[in-house]
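Here is a friendly briefing to read alongside the model. Please keep the sequence and the 3D view open as you go.

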Amino acid sequence: MNTHKKPVIFCDFDGTITENDNIIAIMKHFQPAGWEQIVEKIMNKEISIRQGVGDLFALLPSEKKQDIVTFAIEQARIRDGFEALLQYCQQEEISFYVTSGGIDFFVYPLLAPYPIEKEHIFCNGSSFEGETIQITWPHACDAHCTNDCGMCKTKIMRSFDQAAYDRILIGDSITDFAGAKLADLVFARSYLKTQCEKEGIPYIAYEDFHTVVEALKTRKASASVKPSV
Ligand SMILES: [Mg+2]
Ligand SMILES: [Zn+2]
């Protein structure tokens with residue numbers, strides 16, 4: 001690790017900050033016909049994440065808004081150690097960004113109890129104006145990304161020059177993989193872990209954020225040991 005680089009964390013939301021994927025939880029609960037096939041197509045990369053997530057929410061009527069929002073917020077559990085990680089970042093002056101492919105109506109309320117500036121939270125938007133829910137894409141891919149991500153994590157990461165920043169990614173799934181290839185350090189669980197293994201991308205496994213804090217401390221300690229001349 002280059003100690004002159006400023007550390008910045010890009011942390012996924014669904015399945016990372018929250019224990020489960022909230023989009024999947026919503027689909028499992030409300031069971032709109034056809035949702036499982038759409039998820040399968042996303043995982044098989046037959047359709048892009050933007051297309052798939054848009055199609056999933058288009059299955060849900062806008063008039064169910066209140067039920068869906070309430071359910072999403074009530075079912076979510078924040079992963080253990082999240083507060084400790086935020087505290088550590090504050091103490092060590094590590095910038096912390098939430099880079100989420102999730103939707104505004106559950107991401108912002110679930111993060112509201114934590115000291116994270118709104119400008120540091122990136123996620124998709126939503127509209128309940130039409131007959132079915134429409135997902136809006138305020139952070140879609142730029143010319144450098146052809147993944148059609150929906151919320152483009154690599155676009156956000158690229159805005160932090162790799163020569164100046166030590167880019168740390170925390171994630172769990174398919175939406176984190178492109179970012180993992182850009183990162184200086186990857187924390188992975190679940191699908192992302194398997195994928196990093198397959199592609200030979202080094203990672204640190206985590207199941208809670210205490211593990212992440214410990215690994216960051218160890219890494220900092222080993223980086224600050226000056227080689228003897
Ligand atoms: Mg995730
Ligand atoms: Zn993208």
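Throughout this briefing, contact means heavy atoms within 4.5 Å. This is a predicted model, in which local features need pLDDT of at least 70 and side-chain atom pairs count only at pLDDT 80 or more, while totals for chains, interfaces and linings use all residues. Residues are numbered from 1 along each chain as its sequence is written, chains are lettered from A and ligands numbered from 1 in the order in which they are written, and side-chain values use heavy atoms, with hydrogens and water left out. Helices (H or I, at least four residues) and strands (E, at least two) are DSSP runs, numbered from the N terminus.

**Helix 2 against helix 3**

- Helix 2 (residues 35–43) packs with helix 3 (residues 49–57) at an angle of about 170 degrees, and their axes are 9 Å apart.
- Axes are lines fitted to C-alpha atoms, for helices over the stretch in contact, and angles run from 0 to 180 degrees between N-to-C directions.
- Helix 2 brings W35, I38, V39 and I42 to the contact, and helix 3 brings I49, G52, V53, D55 and L56.
- By class, this contact has seven nonpolar, one polar and one charged residues, where Ala, Val, Leu, Ile, Met, Phe, Trp, Tyr, Cys and Pro count as nonpolar, Asp, Glu, Lys and Arg as charged, and the others, Gly among them, as polar.
- I38 of helix 2 is buried at 13% relative accessibility.
- Which residues does I38 touch, leaving aside its neighbours within four places in sequence? They are I47, G52, D55, L56 and L59.

- In helix 5 (residues 82–92), the buried residues are F82, L85, L86, Y88 and C89.
- These residues cover an arc of only 160 degrees around the axis, so they sit on the same side of helix 5; the arc is that of the directions from the helix axis to the C-beta atoms.
- Exposed residues E83, Q87, Q90 and Q91 are carried on the face turned away from the buried side.
- Among the elements covering the buried residues are strand 1 (6–11), strand 2 (95–103) and helix 10 (209–223).
- Just after helix 5, E93 has a positive phi of about 55 degrees.

- T154, in helix 7 (residues 153–158), is buried at 6% relative accessibility.
- Beyond neighbours within four places in sequence, T154 is in contact with C145, A178, G179 and L182.
- D148, in the loop between strand 4 (134–136) and helix 7, has a positive phi near 55 degrees and is partly exposed at 28%.
- S190, in helix 9 (residues 190–199), has a positive phi of about 55 degrees without being a glycine, and is partly exposed at 39%.

Terms used. Buried means under 20% relative accessible area, exposed over 50%, partly exposed in between (1.4 Å probe, protein chains only).
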